[in-house]
Structures are given as C-alpha cells and as structure tokens.
Amino acid sequence: MFTKVNSAGIRGIEGVLIGVEADVGDGLPGFSMVGYLSSEVREAQDRVKTALKNSGFRLNARKVTVNLSPANIRKAGTAYDFPIALAVLGAYGLTDLKSTEPFAAVGELGLDGRIKPVSGIMAMVMAARDAGLKQVMLPVENVAEGRVVEHMRIIGVSSLKQAVEILKNGGEGTEYQSGAEEQAAKTVEDEVDFREINGQSVLRRAAEIAAAGMHNLLMTGPAGTGKTMIARRLPTILPPLTREEDIEISRIYSICGLLPEELPLMTRRPFRAPHHSITAQSLAGGGRNPRPGEISLASGGVLFLDELTEFPARILDLLRQPLEERRITVSRLNGSVEFPADFMLVCAMNPCRCGHYPDKSRCTCTEAQIRRYLSRVSGPFLDRIDLGVEVPAVSYSDLRGQDGAKQKEAEECSASMKKRVERARNMQKERFKGMAIRFNSEMGPAETEEFCRLRPEDEKFLQAVYRSYGFSARGLEKILKAARTAADLDGERQIGRVHLSEAVSYRSFEKRYWGFRK
C-alpha cells in the first residue's frame, strides 16, 4: 500500500515542501530510504521503527520503502522523523491520512515515541502555507513559533500516539491559530543605555549619525575609552523593527536554533560580536547544507568587530562584497544559496600594539611596528568605512565631575537619541519614497548627485579637501552621504558647511593613521 505525507525542510533561509512517500509491499523484509539523504535522515529508520514499537504499534515484517522527494534537494536534520512514521503507519493501514484536510508534519522522534522540537519551524510553516496547505502538525514546544505565521492552523502534538488519535478524529486536536500580533507585543527591555557613557561627545554624535543613516563606523583609540560600550548600545537607538524585519530576522534565528523559547518573534535588533578567531564559514555561512553565518545573524542590526587588526586579512576582505550588495551568495556543488547581509558594521581597534599612538610621549612602538600593525587592515576595506572616529581617553571630570566634588551631569539617554534617529529616518523614508533605497548609506551615484547637492562655495570647499586629502571616489561619495545624514539629524533640507566639515572630519582618519599608503 502506498501513502504520502507532506513535510518541509530548509534550503538556505527558505523553507521547501518535501513529500514523504511510503510503500509497504511483498518481498524480502526490510526498511530502505531513498531521496538524497544526509546521515541523520538515514538514521531516522532506526528511530522510527523503535518509536513505533514503543508506541504500541505492531508492524508485520514487510518490505518498506520510503522516498523523500524532490530527489534533487538534499534532506538534512531530524524534522522528517515524524512524517516518516506517519507515512509508514498509513502504508500499513494503521491510520487514515485521507480523512483529514491535507496537512504538513514536522518533528523529531524519541525512541519512546515522544515528538521533540526542531529548529527552522517558522520557515517550514511558511513553505507549507505557500504550497497551499492550511494546517501543520508540529511539536508542542514549537507551537508558539509556528503561530507567528499568519493564516495557518497549528496542531501541537507531544507524542506519536497522540498524533494518530488526532488523525482518527479527522484532525480534531488542540488547535492554535496564528497569533502574530500577540507574539509581537512581547517585548524585552534594553539592558544597556547611552546614559552610562561618560563624555565622548564626538563619538556619541558619530554613533548617532551611523544609526540614522546605517553608516559603517570605525573607532580608533586606546583601551578603556568606551569603544565597546558605544558599540553595544547602538541597537538601543536604532528604530524599532518593522513587521517584515521581525519575520525575516526571526526566521534566520529559528533556522540556526537561536530563537528564544519564551520569545518566538525577535523584537529588537541583533547585535553580533564574533571573536577574531572566527572562520570564514562561520562568518559568511556555509556547510554542505548551507546555513547562515554571523553576517546574516547580524542582518537588520549591528555586526561588531572588536580588535579589528587581530582579524585575519581574508576574513576582513570577505566582508567587502556583502557591505556593498547587502547580501552574500554561498555556492556549493548542489547549487547556490543567497543569505541576507543587511547590517551596520561597527569596528574598534587600538592605533598600535601598545595602544597610545600618536601620543609619542607614551607610545613605545617604532614607526615600522606601527605601519606593520595598521597594514593588517587593507585599503579596500577602509574604503567601505563611512565614519572614522579617534577616541581619546576619558577625562577625570567626565568620570567624576569637577575635582570629584561637584555632581557629574547626567549624560543623554538612548531614548532621547532614538527620537532624533527616528526623525532622520522618517526624512529618508519620505526622500526615497517609491525607490528601493531605505537609508542614505544605500544611495548610488545618481541618488547622491540628486539629494546631496551643495552650494557653490561648499562645492569649492569639498574640491579643495578632496585634493588635499587624496580621497578615493568612494571616499568622496561617503563624505556626501554622511553629510546628508548629519543634515537630516539637524532637520535641515540643505547640506550646510557645518555638516560637510563634520563628514570630512569623520573621513580624515584614513590619512591620519594610514597616510603612509599614499
């Protein structure tokens, strides 16, 4: 007897519908599985046979053939255990799969017949919905995540025996309708705040510009000056996630098994800070069955590279293409997969090995050592940095007040900065209405020419700066984009000299530290 159960798998960050076919017939008794399977899927036959036995199902010794289609897609993971068991039971005639509305099933089986949770549920439920199915049967632990997908009937099951009873009743079981709005309402308060940053007014302003226009930021300075603190607080001044961003980010985290159980829908922007020992595959994503890497996990938020010069050159150069295209393509023998890479890059580094350059009174490094240290960061990588800030040591008065006696003034909080960022973002939204551009940093040459026009006297000023500093064409374009964002934060339609000068100051880091390359 032949039967089929719908299931779903993961390809990249997309779900794909998989058909699980089972046939029980005459011949030499055995259990065979085909369909381009990974080792963990092949092992499913042992889990399925033992789970069926321990759930009280006695199967006659017959020839059992299971096929997972389409055959050109590699099946990986343990989410096929449950549908394989249902298909085998249907082929033996022990359950009627035709008496209920078409559905998809996903879940891992324990040897005792318990159905265990799996990762990637959100993408799988979306795949079932896009294929025209109206209901999905999945582990009870995954119900909250499945409910995020709208217009789907979610049936939670805890054991194989319970699932069979539900099918006998025509699909009547514990039903959970989509509750996207309810899930989105669950928010998590930020644990950090810009109020905790002492002094560093220039760096705070640069961070605000970076957040408003999604500009890449490089902070250079000695240890203990607040670079990491600023980076970790950047997500607190970014605008709230939109509904589309919620789903996109949550789907990526679901596939990687990083979605919090108590919060099945991401409500704040990601902050990823990989160590400098990270591999290329962990950063970009990949594997035989490609999965997202840190670049994609940071999409919609911040990717922070601390101790930038400690990262291998090949790792930093790997970021160049994603920074331009906002996506990354991972190619394997069985095809290519595209992952999102829409993140803000924030980097922090010391100016030299001892950390005190260019303060010659404290720096113990030779000129050759400084050049060798700074040369670890390539020119093409620096070209993709929009804002560079030199971070000085924090003064005593900023830390403790005047002579430690007067009460130190309270620093501006994240909520106040966030309002200005949102106002600037709204100006950009209106500016780029009807276009594929969302932020100033995404403008191309044509848009930069249209929206970053300067007064004649400011044009001459920029021309003189360009010749003096020897900026590249990309560097000049980034100055104009940063000036546009600075004007937006000040509520100005026209870029002024003050905004242009500020943007130039954020670009002068390249000549100050890497001028030996010119």
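Select Glu 14 first. Glu 14 is partly exposed, because its relative accessibility is 42% (buried is under 20% relative accessible area, exposed over 50%, partly exposed in between; 1.4 Å probe, protein chains only). Glu 14 sits in strand S2 (residues 14-25) and Arg 251 in helix H10 (residues 243-255), so the bridge ties together parts 237 residues apart in sequence. Helices (H or I, at least four residues) and strands (E, at least two) are DSSP runs, numbered from the N terminus.

A note on the model: it is predicted, local features need pLDDT of at least 70, side-chain atom pairs count only at pLDDT 80 or more, and totals for chains, interfaces and linings use all residues. Residues are numbered from 1 along each chain as its sequence is written, and side-chain values use heavy atoms, with hydrogens and water left out.

Next, select Asp 81 and Arg 47. The closest N and O atoms of this salt bridge are 2.6 Å apart. Asp 81 belongs to helix H3 (residues 81-91) and Arg 47 to helix H2 (residues 44-54), 34 residues apart. Both residues are buried.

Move to Glu 338 and Arg 327. They form a salt bridge at 3.2 Å between the closest N and O atoms. Glu 338 is in strand S17 (residues 335-340), Arg 327 in strand S16 (residues 327-332). Glu 338 is partly exposed at 47%; Arg 327 is partly exposed at 36%.

Last, select Glu 324, Asp 383, Arg 384, Arg 474, Arg 507 and Glu 510. Salt bridges with shared partners join them into one network. How many salt bridges are there by this rule? The count is 35.

Note on methods:
Salt bridge = Lys/Arg side-chain N within 4 Å of Asp/Glu carboxyl O.
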